[in-house]
Amino acid sequence: MDFALSDEQTAIFDMAYAFGQENIAPFAQQWEKDETIPKDLWPQIAELGFGGLYVSEESGGSDLSRLDATLVFEALSMACPSVAAFLSIHNMCAKMLDSFADDALKSRIMADVLSMKTVLSYCLTEPGSGSDAAALKAKATRTNEGYTLNGTKAFISGGGYSDAYVCMVRTSDDGAAGVSTVYVEDGTEGLSFGGLEDKMGWRSQPTAQVQFDNCNISAGNLVGEEGKGFKYAMMGLDGGRLNISACSLGAAQTALNKTLEYMGERKAFGKPIDQFQGLQFRLADMEIELQAARTFLRHAAWKLDTGAPDATKFCAMAKKFVTETGSKVVDQCLQLHGGYGYLADYGIEKLVRDLRVHQILEGTNEIMRVIVSRDMLKNR
């Protein structure tokens, strides 16, 4: 088995890391205070090919593997996991559109999606349906021209900020088989947004409810086939789970790097605190856990890229393990910074807050355990 990255993969990581350190890291704390990400950042990211990471070359995308994509998100999250995670959402939507939208819709929208002139949000969750996503109630009623949408989506990253919304809506009462996917542009009459949510972390990402009140869209804005929307939504989640895991990994690595530097400078009882064996053990534990998480993540990405029959199980296991490891590491890094870790100036407390939500979204870690255990029981 060869665990080494190829020269091309190393170059992808280095390019993303350099961009993040120059264009994101110096501004991440200010963007958090502003509760927004400047829109002009996204076309710069798109110039690197990151607006369509796994969109096909035929459609103008980069056509990278899922493993390649995790390298991008790990590198960018070393600058800011909130920004990196938002890019992951856009890419999940772009892949859905590339895979399932008809040629007419793609020819109309994909160029702007890939250049990130059009920034996308993913709308699945509702106030009463989270883990039980198939219980969604937002309804699309067929009309002569297309569909009329009514209902509410909750916890939407980019709500009121994005340029278009990839939405899962109910076109019949037939459970998961009654869900369809539609594309709704900002400015559509009947589309509105709730107030910005006041969140623990990911504060630079504007998050709000997306509301449909007799919102009319054309038939051409249906993505794929009616009744296939839930399948489309779920197909994107394996990759999304890898991406959010990569965001935890990169942010935790940054926290550990900052902690190593701090411990060499901070003195107690006449010597740098990195000379105390008890604290050295804690550094070693964090390094071991991060390296294990990185290996696990890349193994799961390889499974997804090769179409392994147990890829979904491995993506779920990786998501559970890596996101919990990331949160554990950043929390320990805060502890090793002492009181300074609690101050915003050092950047550690932001990472603690940003990473906590990774155990909830893209399927809670409890649902990851359900996926794994069901697979185990099915194959015993």
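**Strands, surface and pocket**

Modeller: In this predicted model, strand β5 pairs with strand β8 (residues 222–223) in the antiparallel sense, over two bridges.

Biologist: What makes β5 and β8 count as a pair?

Modeller: Pairing requires at least two bridges between the strands. β5 and β8 have two bridges, so they meet that requirement. Within this pairing, V182 stands opposite L222 in β8.

Biologist: How do you know that β4 and β5 pair as well?

Modeller: Seven bridges join strand β4 (residues 164–170) to β5, and the two run antiparallel. Because the requirement is at least two bridges, β4 and β5 are a pair. V166, for example, has Y183 in β5 as its bridge partner.

Biologist: Why is strand β5 called largely enclosed?

Modeller: A residue is buried when its relative accessible area is under 20%. Six of the seven residues of β5 (residues 179–185) are buried, so the rest of the structure largely encloses this strand.

Biologist: Why is Y340 called partly exposed?

Modeller: The relative accessibility of Y340 is 38%. Partly exposed covers the range between the buried limit of 20% and the exposed limit of 50%, so Y340 belongs there. Y340 lies in the loop between α10 (311–336) and α11 (348–356). Together with L343 and Y346, Y340 makes a nonpolar surface patch of about 270 Å².

Biologist: Which residues are closest to the centre of the largest pocket?

Modeller: The largest pocket holds about 1,200 Å³ of space. Of its 38 lining residues, T125, I360, L361, E362 and G363 are the closest to its centre. Among the elements that each supply at least two lining residues are α5 (81–100) and β3 (146–157).

How values were computed: Residues numbered from 1 in each chain as written. Predicted model: local features only at pLDDT ≥ 70, side-chain atom pairs only at ≥ 80, totals over all residues. Heavy atoms only, no water. Buried < 20%, exposed > 50% of the residue type's maximum accessible area, 1.4 Å probe, protein only. Helix = DSSP H or I, 4+ residues; strand = E, 2+ residues; numbered from the N terminus. Patch = residues over 30% accessible without salt bridge, like charges linked within 9 Å, V, L, I, M, F, W, Y side chains within 5 Å. Areas by Shrake-Rupley, 256 points an atom, 1.4 Å probe, with all protein chains shown as cover. Salt bridge = Lys/Arg side-chain N within 4 Å of Asp/Glu carboxyl O. 1 Å grid on protein atoms, 1.4 Å probe; cavity = no way out; pocket = protein on both sides within 12 Å on 5 of 7 lines; lining within 4 Å. Points joined across faces, edges and corners; volume = space filled by probe spheres on them.
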